Every structure is written in C-alpha cells, then in structure tokens.
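This report concerns a single protein structure, shown below. Please keep the sequence and the model at hand while reading.

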Amino acid sequence: MSYSDFCNLLGLGLRAGKYELGSMACEKAAKRGRLFLLLLDESSAPRTIKNYHSLCQENGVELLMMPPGSFQTQTGFAYQVVGVKDEQFAKALIDKMNRP
C-alpha cells in the first residue's frame, strides 16, 4: 500500500461526508451502531486509547491507530478521533492500510 493512496482516500471521505468528527460524535455513533471503523491518533493519551479500545470492542467497531497528526495533515482538521459511517468506505480504508 502506498501511504499517499491511503491519505487520498481519507481526503475523499471527508469531502463525501463519510465521517463523524470528534470524540462525542464518535461515541454516540458507535453506541447507536452507526460506525464501522474508528480512526484514533497514536499520540492520544493512554487512557483515551484504552477507552476507545473498549468502546470499539463493546460495539463491534474496527479500531485503526493512525500516525500522530496524520488526519490533521491530510484534511486540515485537528481531530484525534474520527469515525467512518460507511461500511464500504471503511473496508476500503482497511484494505489500503493492510495492503503491502
């Protein structure tokens, strides 16, 4: 996988409205079963990482750790937590991240 392909897909998702942005929006969407993937910045506090890990396990949401500042760099938004609302788009992001 090319990191630039993954980043391009992140930007496309933002323009397409496929995200929940911020912690409160992501928590609500996950609890209501509306998230398929949660992107979490690796620079988040250990307690935050633990809380979102638990939230994802309880609600069947895939968790993907992002390099520090990557979402902000690619989109211009300074969010630590981003939720993906579209199942096909979440699968595409996971495939891009896992592809060698």
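The sections that follow describe the sheet and then the salt bridges of this predicted model.

## The sheet

Four strands form an open sheet in the order S1-S4-S2-S3, and their pairing is mixed. The edge positions are taken by strand S1 (19–21) and strand S3 (62–66); each has a single partner strand, so one side of each is left without a neighbour in the sheet. From one strand to the next, the twist averages 25°.

Strand S2, which spans residues 37–41, pairs with S3 in the parallel sense, and the pairing comprises 5 bridges. Within this part of the sheet, leucine 40 is placed opposite methionine 65 of S3.

The whole structure contains 3 salt bridges. One of them joins lysine 18 to aspartate 86, with the closest N and O atoms 3.7 Å apart. Lysine 18 belongs to the loop between helix H1 (3–16) and S1, whereas aspartate 86 belongs to the loop between strand S4 (81–84) and helix H5 (87–98); the pair therefore ties together parts that are 68 residues apart in sequence. Lysine 18 has a relative accessibility of 26% and counts as partly exposed. Aspartate 86, at 26% relative accessibility, also counts as partly exposed.

Another salt bridge links the side chains of glutamate 20 and lysine 85, with an N to O distance of 4.0 Å. Because glutamate 20 lies in strand S1 and lysine 85 in the loop between S4 and H5, this pair ties together parts that are 65 residues apart in sequence. Glutamate 20 has a relative accessible area of 21% and is partly exposed; the cut-off for a buried residue is under 20%. Lysine 85 is likewise partly exposed, its relative accessible area being 33%.

Terms used: Residues are numbered from 1 along each chain as its sequence is written. This is a predicted model: local features need pLDDT of at least 70, side-chain atom pairs count only at pLDDT 80 or more; totals for chains, interfaces and linings use all residues. Side-chain values use heavy atoms; hydrogens and water are left out. Two strands pair if DSSP finds at least two bridges between them. Helices (H or I, at least four residues) and strands (E, at least two) are DSSP runs, numbered from the N terminus. Axes are lines fitted to C-alpha atoms, for helices over the stretch in contact, and angles run from 0 to 180 degrees between N-to-C directions. Buried means under 20% relative accessible area, exposed over 50%, partly exposed in between (1.4 Å probe, protein chains only).
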